Amino acid sequence: MSSLSESLPNEKTSMVRPGGLIAILGGGQLGRMTAMAARTMGYRVRVMDPEPACPASFVVDEVIVGRWDDARAARRLATGADAVTLEIEQIGVDALSEVASIAPLRPGVEPIRIIQDKTLQKVWLDDEGFPVGPFRVVESEEELQNAVAELGGRVFLKIGRGGYDGRGQARIGIDEPADEEGIAAAWQSLGGQPAVAEQALDLDYEISVMAARNPAGEVRSFPAARNHHENQILAWSVLPAGVPAEIEAKAQSLAAEMIARLGLEGLLCVELFVTKQGEVLVNELAPRPHNSYHQSERGCVTSQFEQLVRTTCNLPLGDTSLISPCAIVNLLGEVWLSESGEPDFAAALAVPGVRLHLYEKHAPRVGRKMGHLSSVGATAAEALERVLEAKRQL
């Protein structure tokens with residue numbers, strides 16, 4: 001099957017050497033950590049973000065201020081850059097195309113067009129034969145009413161464009177039996193926009209696999225991470241996942257096949273459900289660094305952020321082997337907004353093997369990712385217990 005990506009002349013053979021300029025669409029915490037890895041390797045970095053004081057602004061050479069759909073700002077970002085990547089998939093297709101006309105855009109326009117809309121993404125996965133749970137794409141309240149009945153009355157509704165970290169989602173029939181009024185309320189809560197209705201599954205646990213592919217076509221994947229969510233937001237993640245060998249092999253195979261099938265040049269994180277029946281099903285795709293692999297900075301030979309720099313610059317991919325079991329726990333705005341006031345970082349850092357990572361976001365809000373704690377340990381269980389204990393000490 002042919003690749004979905006389109007290339008500029010000589011893009012496949014061009015290598016961006018240290019000293020070159022990398023541009024990143026997005027200046028959030030993922031762009032910040034990618035920029036820090038790039039600077040370690042000797043690159044200059046420019047980002048585009050709606051906020052001039054975005055988390056990446058403190059570590060990059062230049063910030064271009066612009067909305068995600070601002071094609072003119074995207075042109076300014078790409079002009080003079082040796083290669084462009086992204087840290088958020090919600091970039092307008094026109095802006096992506098503008099970038100791709102000026103500089104090598106890795107991961108490419110078409111893979112992002114598909115992934116950024118969950119309705120297109122889910123249909124693509126199904127059409128390509130990847131394992132997904134029962135779902136329906138719905139474009140009206142009437143279609144949603146029918147879909148809930150067809151899917152057994154217990155459904156997660158996810159908006160097609162723009163949802164993340166539990167935003168743009170609604171639960172139907174999960175906490176109480178579904179009825180017409182509740183379904184209508186769920187539809188309205190998402191603004192009546194096209195969405196995916198997914199049947200609630202009998203889950204055993206959730207894992208993810210991060211795959212990387214450079215323009216030369218080389219593909220490498222990180223070991224699977226085991227993830228725990230609270231209120232649809234990742235609470236903690238640990239490497240290795242500690243899953244049976246056949247589950248690990250299946251997950252690795254799916255991630256490698258997907259990134260190649262998409263023709264994506266960069267990172268692809270594949271979020272997976274493992275059901276109590278032993279099925280491995282694709283939940284969602286993310287074409288960028290992912291929260292569940294922040295601990296790769298501690299426990300892997302190559303972090304996900306360095307790997308993104310390598311794919312962007314058309315360098316050989318780094319070794320993804322695990323050096324040490326490692327874990328992260330997210331620090332949300334609630335940590336700052338609790339009655340105890342300022343977090344006790346010294347107490348958290350007294351736990352052996354723990355490091356603190358803050359994103360320099362100055363306005364904590366409920367559910368907002370402000371930073372994370374990471375740790376290593378002799379076992380995955382020890383690494384996880386260390387970060388959880390450190391968070392308790394906050």
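Modeller: For pairs of axes, angles under 35 degrees count as roughly parallel, over 145 as roughly antiparallel, 65 to 115 as roughly perpendicular, and the rest as oblique. This is a predicted model, in which local features need pLDDT of at least 70 and side-chain atom pairs count only at pLDDT 80 or more, while totals for chains, interfaces and linings use all residues. Residues are numbered from 1 along each chain as its sequence is written, and side-chain values use heavy atoms, with hydrogens and water left out.

Colleague: Which residues of H1 and H10 make the contact between these helices?

Modeller: The two helices (DSSP runs of H or I, at least four residues, as strands are runs of E, at least two, all numbered from the N terminus) pack at an angle of about 70°, with their axes 8 Å apart. Axes are lines fitted to C-alpha atoms, for helices over the stretch in contact, and angles run from 0 to 180 degrees between N-to-C directions. H1 and H10 are therefore roughly perpendicular to each other. Their contact (heavy atoms within 4.5 Å) is made by Leu30, Met33, Thr34, Ala37 and Ala38 of H1 and by Phe305, Glu306, Leu308 and Val309 of H10.

Colleague: How many of the nine residues of helix H10 are buried?

Modeller: Buried means under 20% relative accessible area, exposed over 50%, and partly exposed in between, with a 1.4 Å probe and protein chains only. What covers the buried residues of H10 includes strand S1, helix H1, strand S4, S9, S13 and helix H9. Helix H10, which spans residues 304–312, is mostly covered, and its buried residues number seven.

Colleague: What relative accessibility makes arginine 46 count as buried?

Modeller: Arginine 46 lies in strand S2, at residues 44–49, and its side chain makes a polar contact of 3.0 Å with the side chain of glutamate 62. Such a contact is a pair of N or O atoms within 3.5 Å; within protein, one must be able to donate a hydrogen and the other to accept it, and residues adjacent in sequence count only if both atoms are side-chain atoms. Arginine 46 counts as buried because its relative accessibility is 13%.

Colleague: What is the average twist from one strand to the next in the open sheet of four strands?

Modeller: The open sheet has the order S5-S8-S6-S7, with antiparallel pairing, where two strands pair if DSSP finds at least two bridges between them. Its edge strands are S5 and S7, each of which pairs on one side only. From one strand to the next, the twist averages 20°.

Colleague: Which residue's side chain is joined to that of glutamate 198 by a polar contact of 3.0 Å?

Modeller: Glutamate 198 lies in strand S8, where phenylalanine 156 stands opposite it. Glutamate 198 is buried, with a relative accessible area of 9%. The side chain at the other end of its 3.0 Å polar contact belongs to lysine 122.
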